[in-house]
Structure formats: structure tokens, C-alpha cells
Amino acid sequence: MGLNHKLNLEFKKENKTIINKKEKNKEESKIILLAHASQGKKYKIVNIAGGHCLISRLNAMGIINGDIIKVIHQTWGGPMTIAVKGVRIALGRGIAHKIEVAEVLEN
Amino acid sequence: MIGKIKNKEISVALVGSPNSGKTTIFNNMTGARQHVGNYPGVTVEVKTGTKKYKDYIFDIIDLPGTYSLTAFSEEEVITRNHILKEKPEVVVNIIDASNLERNLYLTTQLIEMNCKMVLVFNMSDLLNKSGLKLNLELLSQLLGAPIILSIGTKGVGTQEILENIIKIYNEEFEHKFVFIKYGDEVETEIKKIQELLSKFKFFDHESLNKNYLRWISVKLLENDELILAELLQNLSEEEKEKINLILESSVNHIKRITGSYPTTLIAEARYGFVKGALKESTIYHKDRELSFSDKIDQVILNNFIGLPIFALIMWGIFQLVFKVGDYPTQWLQLGFNKLSELFTILLPEGYLKSLIIDGIVAGVGGVLVFTPKIMLLFICIAVLEDSGYMARAAFIMDRIMHRIGLHGKSFIPMLIGFGCTVPAYMCTRTLENKNDRLITMHINTFMSCGGRLPIYILFAGTFFQKHAGNIIFSIYIIGIFMAVLFAKFLRVTRFKGESEPFVMELPIYRLPTIRGILMHMWERTWLYIKKAGTIILAVSIIIWILFTFPSINKGLLEEYNAQINQIEINYLEGKISRSEFEKQISTINAWLSFKKLEYSTAGRIGHFIEPVFKPLGFDWRLALASITGMVGKEVVVSTLGTTFSIGSSHNEKEDLRLALRNTYNLLIGFNFMLFCLLYFPCIASLAVFQKEAGTKEMFFQVGFTLVLAWTVSFIVYQIGKFFI
């Protein structure tokens with residue numbers, strides 16, 4: 001159990017840094033909807049405004065609060081693709097309007 | 001005793017995300033010894049297979065690909081229930097090594113279920129390329145299961161998987177329960193629920209694992225309705241009330257403290273666990289930026305040229321199927337003609353000869369000659385699927401599909417519908433929303449399936465010769481147009497409401513392997529051939545019977561013989577010339593055939609229903625073909641084959657095309673293709689429809705496609721008449 005215990009500690013630490021970063025980001029960039037994000041930029045997911053079912057599905061696909069995503073492809077009014085956890089995921093407009101993100105400013 | 005030790009059987013289940021290469025691994029493990037079938041009770045397709053290795057027999061089931069084990073889609077439920085209820089002795093979890101973090105999410109859920117597992121990191125060549133180096137031994141310890149590196153497409157690692165399954169089966173690998181913690185707030189509530197559950201009578205037996213109770217508690221907190229419903233069934237009223245009460249208070253409590261649903265917290269903890277485990281065992285990691293796949297996507301998903309590229313690919317496929325596929329089709333046709341000639345020589349005159357030549361060879365052969373084209377079509381679809389383009393097609397089509405009230409995902413079953421409607425219906429299961437699914441199923445009939453292809457090839461080839469390819473393409477386009485129209489129509493009339501949100505993984509582009517493509521193609525082509533060998537064989541025989549009996553009465557036959565004799569005498573006496581003689585003989589033969597047909601059951605049915613089809617320009621033969629076409633569209637061609645080969649005289653067996661050209665005109669030919677496009681594909685598809693969507697929807701499908709087909713054909717013929 002030693003290793004697992006260490007893992008769980010690691011996870012807690014990670015969580016704390018996420019919270020810290022959350023607060024930091026609030027000062028640095030404002031929260032927008034993913035639908036309005038621009039191509040090529042990185043964002044942190046702040047909130048998913050949806051029901052149980054939607055959140056659960058997005059989570060299973062790797063889209064989860066606190067994660068950094070990159071907008072790979074943005075279309076006008078059509079679907080978009082994002083990179084998350086090394087995977088490319090296509091998202092419809094509807095969903096992109098339900099995900100709140102904050103831009104990650106790179107140094 | 002006759003010596004041999006009995007082989008030990010091990011039940012194995014393959015679990016993995018879509019695009020993880022699960023099927024390839026399955027194929028590597030089982031080879032040809034596999035069987036595609038429906039999972040008992042439901043219609044999700046699963047493959048099973050066996051493998052003999054050393055002293056063991058592996059019973060392997062390839063469970064449907066899922067991202068998680070919640071209860072939001074049928075695939076997830078089946079996978080979960082199989083593990084829970086069938087209790088496979090070893091679970092093999094196939095993981096896409098090029099994106100471990102996301103794939104291991106599913107693994108955490110298998111860990112929660114305390115499965116005995118073998119973890120297969122597939123496509124491990126990509127792992128090295130991605131710039132990640134892992135301490136696999138450590139990772140294996142953290143996840144509590146052996147890890148095997150494999151490259152499915154090259155067959156690397158298959159033996160190690162089998163070896164490790166045996167090891168786990170023999171308990172050589174120490175299995176320990178890996179505990180995933182969900183954070184203090186959630187853990188407290190889990191304990192509360194677990195405690196309550198353990199007091200219930202239903203859980204009051206010794207064999208029960210404590211981990212199982214924990215698992216149920218987690219699922220209940222995750223708002224898993226299926227688990228809850230199953231649980232409530234086994235509880236008394238008082239217990240039910242208790243559990244509902246505690247769940248409500250737990251969820252509210254967690255939400256109040258953390259501001260999130262327990263679902264989110266639990267998912268976050270799972271990803272946290274994965275992240276931690278990966279971080280712990282990473283030796284070095286280098287970020288990769290724009291990958292090759294992204295570069296391709298910049299072009300293929302481009303706002304301007306994405307759609308034209310897609311259209312071009314579709315057009316290319318049609319050209320390939322129809323132009324290149326024409327050669328082997330002709331060879332097959334030649335083969336069947338020779339076979340027919342052979343039987344003509346070998347068999348004595350009589351009903352048996354007629355049955356074999358006019359019934360079976362003409363009927364089944366008429367369908368089988370199209371196999372090469374259908375194979376080519378399935379190869380193209382397999383290439384699109386395996387290369388990863390299919391998902392991009394969904395992306396490109398999403399914007400258009402959105403306009404008609406569906407989303408891009410609905411496009412994939414429709415694309416598969418070009419091959420065969422039956423798997424297309426099954427594929428609609430990826431749509432979680434019921435209305436989306438029903439609309440997609442209802443309009444799928446307008447996607448011209450492989451069975452309709454023979455009709456188009458025959459009629460377009462007959463009436464449009466050089467332009468056949470373009471005419472067939474136009475029929476497909478009309479089908480798509482109809483689908484769009486009716487999707488919209490159904491959305492505003494019968495299936496109101498928003499469409500389901502569109503989320504879909506775009507897998508990395510991969511070079512498809514020849515083996516994979518051939519296997520995919522063969523699975524589907526075999527269904528077609530099997531259909532020809534069973535349903536269509538049976539229908540061909542029935543049709544032949546309908547066409548042959550009742551046979552004409554003796555009086556007519558005597559009259560025929562008398563007239564033949566008279567003509568022969570006239571010729572011998574020199575009253576008529578040679579050419580006059582032949583002309584008279586063929587006239588009298590045609591007269592007899594016509595009488596025979598008129599007399600037969602089929603002729604009577606055809607004439608009886610002819611008035612219904614008359615306004616469409618169809619005579620009784622096309623009417624009859626439309627009716628038999630309900631069994632399967634392939635039968636249309638074979639029915640026409642039988643009609644014309646019996647209808648004309650035996651001696652000078654006319655080519656079907658020539659016969660059609662002499663009997664109908666261009667407008668009727670086109671109109672008939674249109675009619676066949678619009679009404680439901682076949683009985684088999686209706687059976688699946690009924691199973692998937694219920695009897696009411698099936699009858700709606702039958703009614704609305706028949707009415708539509710008739711109406712459209714009526715309009716086209718009545719207007720077209722003035723121009724041709």
C-alpha cells in the first residue's frame with residue numbers, strides 16, 4: 001500500500017496546485033466560452049455547465065475541470081476540435097457553449 | 001484412460017476504448033476461429049473466438065469498445081454486466097499506448113471492479129515516438145496488473161498476452177486490490193452508504209466481497225440509475241426509503257462543501273490516480289507539438305477545402321467500385337453463363353433442368369455476380385474506418401447535419417448504409433438520444449445499400465451506357481437529398497426536441513493494414529454471400545415455382561405442337577423459305593412462353609397488381625419484381641432474370657439487357673431505379689428495425705417508404721412522359 005498511499009498524496013498535491021492556479025488565472029485572464037476560443041491557443045477548463053449525463057460523458061472522453069486544452073481547429077459556426085490529454089476531440093457548437101475556459105498565458 | 005489430459009478452459013474478456021486496436025489484438029489471438037454474433041438478449045454485436053495454446057483453451061469475447069463503465073450507452077452496460085455477471089477469469093484491457101492518460105481512465109474503473117487483468121499497451125511503437133519513457137515494472141505494480149507491450153498490426157506481443165493470461169489464471173501473478181481514493185468528502189459518504197448497505201438483508205451473506213459493496217456505493221454516488229434500479233428491486237420498502245434518503249443527503253452534502261457533483265469529483269480522482277501513476281513511473285517526457293496527424297487535419301478539416309475533399313473521396317470511391325469492379329463482374333457473368341450451358345447439355349429436359357437453370361443459376365448467380373463490386377465498396381469503407389478518416393467525415397458533415405437537426409455522428413451509420421442497412425441500423429446505437437436514433441434509422445433507408453446496387457448497374461448500364469456511372473451517382477445523391485428532407489420533416493413532425501450534443505474522438509491517422517481491411521471486408525461480404533446462399537436461394541426457388549406452375553393445359557400444348565408440325569411440313573414441302581420458317585417458329589415459341597407466363601401464378605399476381613403500378617409506367621413484370629424485391633433488393637434483378645429468360649424462348653436465350661432495352665424506355669428505367677431507392681431495403685432490415693426500435697416504428701417505416709416511393713415515381717413518370 002505504500003506506493004498507493006504516496007500516489008494519493010501526489011493527487012492531493014496536484015489538486016491543491018490546480019486550485020492555486022485557478023485563483024491565479026482569475027487575475028490573469030477572463031473566463032470565456034470555449035465556443036469563442038481562438039485557434040492555436042491553450043485554455044484551462046474552469047467549469048462545465050451541464051447535467052450529470054453530459055459531464056460524465058465529457059469526463060470519460062478526458063475533458064475535465066482543471067485540464068489544459070488546446071484549440072486545434074476552430075470553424076465558424078461549425079464544430080471544433082481540441083487537444084486534451086494527447087487526444088483530438090471534435091466538439092459540437094452546443095457543447096462548446098457549455099464549457100467555460102480561461103486562457104493560459106504562456107510566460 | 002486414453003492418455004490425454006483434458007485441456008483447461010479459461011474465459012477471457014477483451015475490454016478497451018474505441019480506436020485502441022482491440023479488434024486487431026482479438027484477431028491476432030484467435031486467428032480465423034471466431035464468430036460474430038449478437039450479445040444474448042440485445043443486438044449489440046460481439047465477437048467470440050477460441051484459441052488453443054499449450055494445455056489451455058481460451059474462450060475469448062471481444063466486448064464493445066467503451067470509454068468508461070457508466071450506464072449511458074448500451075455498449076457500456078454490456079461490458080460492465082459481462083464482467084459482473086459472467087465473471088470472466090481474466091480481463092484483457094487493451095490500451096492505446098499513444099494516449100495512456102485517457103485510456104487508463106477505463107482501467108481505473110476495471111480496477112474498482114477488482115478484475116484480474118492483463119494490461120496490453122498496444123501500438124507501443126507510438127509510445128517511444130511520443131517521447132515518453134516509462135518504468136513499466138513500477139507502473140505495473142501501481143496498477144496491480146502485468147503490462148505487455150504489443151503492436152497489434154504487426155502481431156507483436158500476442159504470445160506474451162497468452163502467457164500472462166495463463167499466469168494470472170494459475171495465480172502466479174500476485175493479485176492485490178488497488179485502492180483508488182476519491183478524496184475525503186467523497187470517502188466519508190462512501191463509508192456511510194457502504195455501512196447502510198451492509199446492514200441490508202440482501203447483502204447479508206458471507207461470500208460477499210467488501211470491495212463489491214464499495215463499488216456499488218461509488219456507483220450510487222455517481223448517480224448510476226441502472227445499479228440503483230437493480231438494487232431497489234431487492235430491497236424492502238423501508239430499506240428503499242433509507243437508501244434514497246442517504247443518497248440525497250450525501251450528494252447534497254458533497255455539493256455544498258465542494259461545489260461539484262460527486263460524479264465530477266470521482267472522475268477527477270480517477271484521472272488524478274492515473275496522472276499520479278504515470279508521473280511516478282515516467283523516466284523522461286518530452287512535449288510533442290504539432291504531430292503529423294494534426295498537419296493532415298489542417299488540410300482535411302479546412303474550412304474551405306474540407307468539404308470538397310470529402311466529396312472528391314466519395315466520387316473516387318464510386319468510380320472505383322463501378323469502373324474497376326466491372327471487370328471481375330463480367331468474368332463472373334461469363335462463368336455463370338458457361339455453367340448454365342453445361343447444365344443444358346448435362347441434364348435431361350424437364351422441370352429439374354428448368355429449376356436449376358432458370359431458377360437457381362439465374363437467381364443466385366444474378367446476385368453473386370455483384371460480389372466483386374460489393375467487396376470493393378466494403379474495402380473502401382474499411383479503409384475509411386481504419387485510417388481514421390471516418391471520424392473526420394463526421395466532423396465535416398456536422399455543420400450540414402446540424403441544419404437538418406442531427407449531428408455529425410449520425411453521418412457514420414448513413415455512410416455504412418451505403419454498404420448494408422443492417423449494420424447501419426446497429427451502428428446508430430452510438431447515438432445516445434432516442435429521437436436522434438429513430439430519425440437516423442428512418443432516413444437510413446435512403447442511403448442506397450449494396451443490395452440496390454445490382455438494380456442500378458443493370459438499369460443504368462442498359463439505358464445510359466456511357467453515362468451509367470454518373471447516373472448511378474445521381475441516384476445516390478437523390479437518396480441523400482431525400483434523407484435530408486425527411487430528417488427535417490421527421491424532426492418537426494414526429495420527433496421534436498433538441499439533438500444530442502456532438503462529442504467524438506478523432507483518432508490519429510493510421511496506415512490501414514491489408515490484413516485488417518481484408519478481415520473487415522470479408523466479414524461483411526460473407527453476410528452478402530450467405531444471404532445469396534440462403535434467403536435468395538429459397539426465394540429463387542419459390543419464384544421459379546410461381547413462374548412455372550400452374551403449367552398450361554394440354555389443349556394449348558397440343559395446339560402448339562400442331563402448329564409447329566404444320567410449319568415444319570410447310571417448310572419441307574417448300575411452301576415457305578428458310579428465313580420465313582425460322583420467323584414463324586420463333587413467333588410461335590414466343591406465343592407459347594407468353595401463354596405459359598400468363599397462366600403461371602406469378603403472371604396472375606403480376607397482372608393483378610399491375611393497375612397499381614401502371615401510373616408509374618411499370619408493367620406487370622416490374623410490378624412483380626418490386627414485390628419480390630421486398631425480400632431483398634438483390635432479388636429484383638434475379639426476378640427480372642427469371643421473367644425474361646422464361647418469357648423468351650429457350651433456344652435463343654436473350655441477354656437480359658437487350659430484353660430490357662426492347663421492353664422499356666429510358667424514363668421507365670430511371671423511374672424504376674428511383675422506386676427501388678425509396679422503399680425499404682429488405683425484410684432482414686425490417687427485422688432489425690423492429691428489434692431496435694419496436695413494432696410501431698417498423699410499420700411506420702414500411703408505410704412511409706412505400707407511399708413515398710409510389711408518389712415520387714408517379715410524379716416523375718407523369719411529368720417525364722411529356723419530354724420523352
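Mentor: Let us begin with the contact between the chains, which takes 53 residues from chain B and 44 residues from chain A, contact meaning heavy atoms within 4.5 Å. This is a predicted model, in which local features need pLDDT of at least 70 and side-chain atom pairs count only at pLDDT 80 or more, while totals for chains, interfaces and linings use all residues. Residues are numbered from 1 along each chain as its sequence is written, chains are lettered from A and ligands numbered from 1 in the order in which they are written, and side-chain values use heavy atoms, with hydrogens and water left out.

Trainee: How much area do chain B and chain A bury between them?

Mentor: Buried area is the accessible area (1.4 Å probe) that two parts lose on being put together, summed over both. Chain B and chain A bury about 4600 Å², 60% of it on carbon and sulfur atoms. On the side of chain B, B:Phe72, B:Phe395 and B:Val503 supply 13% of the area buried against chain A, more than any other three residues.

Trainee: How many salt bridges are counted between chain B and chain A?

Mentor: Side chains of opposite charge can pair when their charged atoms come close. A salt bridge is a side-chain nitrogen of Lys or Arg within 4 Å of a carboxyl oxygen of Asp or Glu. The count between the two chains is 3. B:Asp294 and A:Arg88 meet in a salt bridge, at 2.5 Å from N to O. Over all chains, the whole structure holds 26 salt bridges.

Trainee: Which residue forms a salt bridge with B:Asp224?

Mentor: The partner is B:Arg80, and the closest N and O atoms are 2.4 Å apart. This pair links distant parts of the chain, 144 residues apart: B:Asp224 lies in the loop between α8 (210-221) and α9 (225-233) of chain B, and B:Arg80 in helix α2 (residues 74-86) of chain B. Helices (H or I, at least four residues) and strands (E, at least two) are DSSP runs, numbered from the N terminus.

Trainee: How is the packing of two helices described?

Mentor: Two packed helices are described by the angle between their axes and the distance between the axes. Axes are lines fitted to C-alpha atoms, for helices over the stretch in contact, and angles run from 0 to 180 degrees between N-to-C directions. In chain B, the axes of helix α13 (residues 306-324) and helix α17 (residues 389-403) come within 10 Å and cross at roughly 125°. α13(B) and α17(B) are therefore oblique to each other; angles under 35 degrees count as roughly parallel, over 145 as roughly antiparallel, 65 to 115 as roughly perpendicular and the rest as oblique.

Trainee: Which residues of α13(B) and α17(B) make the contact?

Mentor: Among them are B:Phe310 and B:Ile313 of α13(B), with B:Ile396 and B:Met397 of α17(B). The residues of this contact divide into 9 nonpolar, 1 polar and no charged. Here Ala, Val, Leu, Ile, Met, Phe, Trp, Tyr, Cys and Pro count as nonpolar, Asp, Glu, Lys and Arg as charged, and the others, Gly among them, as polar.

Trainee: What backbone features deserve a look?

Mentor: Most residues other than glycine have a negative phi, and most peptide bonds are trans. The peptide bond from B:Phe549 to B:Pro550 is cis, with omega near -10°, and B:Pro550 is found in the loop between α24 (535-548) and α25 (554-572) of chain B. B:Lys87, a residue other than glycine, has a positive phi near 45°; its place is in the loop between α2 and β5 (90-96) of chain B.
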